[in-house]
Amino acid sequence: MIPAEPPVPTAAQLAGNLDDGDFPAYSMSAAAAMLGVQPAFLRGLGDNGLLDPARSDGGHRRYSRADLQIAARAREVVDAGMNLAAACRIVELEAELARTRAELAEARRTLRRLRGKTEG
């Protein structure tokens, strides 16, 4: 059996990707140019596990705006004097800390709400 061709997206569906920060819209060369880095820098971020870019049908890396923000932060850390592996770990830990702080804030809101129910 021959697999069916994937449906061609409509213009409206494609336009919906314009606001999607996770849509892999940028080629490696475009992403590198936007960040002012060499493509090897982006490959290094992948090699160190910081980024896992999407792949085109031809196997080429495709980066989203979210990927570019992470890569830009890694570049800042490298520019401050850290090696690439250290920069990747720092960026990972910063993201983990942000997630933990958000979870803690949510837990505190829930606790206040529950305390308000028992006192009232």
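Biologist: What makes S2 and strand S3 (residues 61–63) count as paired strands?

Modeller: Two bridges join S2 to S3, and the two strands run antiparallel; since strands pair if DSSP finds at least two bridges between them, S2 and S3 meet the requirement. In S3, Arg62 is the bridge partner of Ala54. Strands (E, at least two residues) and helices (H or I, at least four) are DSSP runs, numbered from the N terminus. This is a predicted model, in which local features need pLDDT of at least 70, side-chain atom pairs count only at pLDDT 80 or more, and totals for chains, interfaces and linings use all residues. Residues are numbered from 1 along each chain as its sequence is written, while side-chain values use heavy atoms, with hydrogens and water left out.

Biologist: Why are strand S1 (26–27) and strand S2 (54–55) called edge strands?

Modeller: The open sheet has three strands in the order S1-S3-S2, with antiparallel pairing. S1 and S2 each pair on one side only, and that makes them the edge strands.

Biologist: What makes a set of residues here the largest nonpolar core?

Modeller: A nonpolar core is a set of buried Ala, Val, Leu, Ile, Met, Phe, Trp, Tyr and Cys residues joined through side-chain atoms within 4.5 Å. The largest such set has 18 residues, and those with the most contacts inside it are Leu42, Leu45 and Tyr63. At least two residues of this core come from each of helix H2 (28–35), helix H3 (39–47), helix H4 (65–79) and helix H5 (84–119). Contact means heavy atoms within 4.5 Å, and Leu45, leaving aside its neighbours within four places in sequence, is in contact with Leu50, Leu51, Ala71, Ala74, Leu84 and Cys88.

Biologist: How do you know that the span of H5 is close to the one expected?

Modeller: The expected span is 1.5 Å times one less than the number of residues in the helix. H5 has 36 residues and reaches 52 Å from its first C-alpha to its last, which is close to the expected 52 Å.

Biologist: Why is the pair of Arg73 and Glu94 called a salt bridge?

Modeller: A salt bridge is a side-chain nitrogen of Lys or Arg within 4 Å of a carboxyl oxygen of Asp or Glu. Arg73 lies in helix H4 and Glu94 in helix H5, so the pair ties together parts that are 21 residues apart in sequence. Arg73, Glu76 and Glu94 are linked in a network of salt bridges, and by this rule the count comes to five salt bridges.

Biologist: Is Glu94 buried, partly exposed or exposed, and what makes it so?

Modeller: Buried means under 20% relative accessible area, exposed over 50%, and partly exposed in between (1.4 Å probe, protein chains only). Glu94 has 32% relative accessibility, so it counts as partly exposed, and Arg73, at 30%, is also partly exposed.
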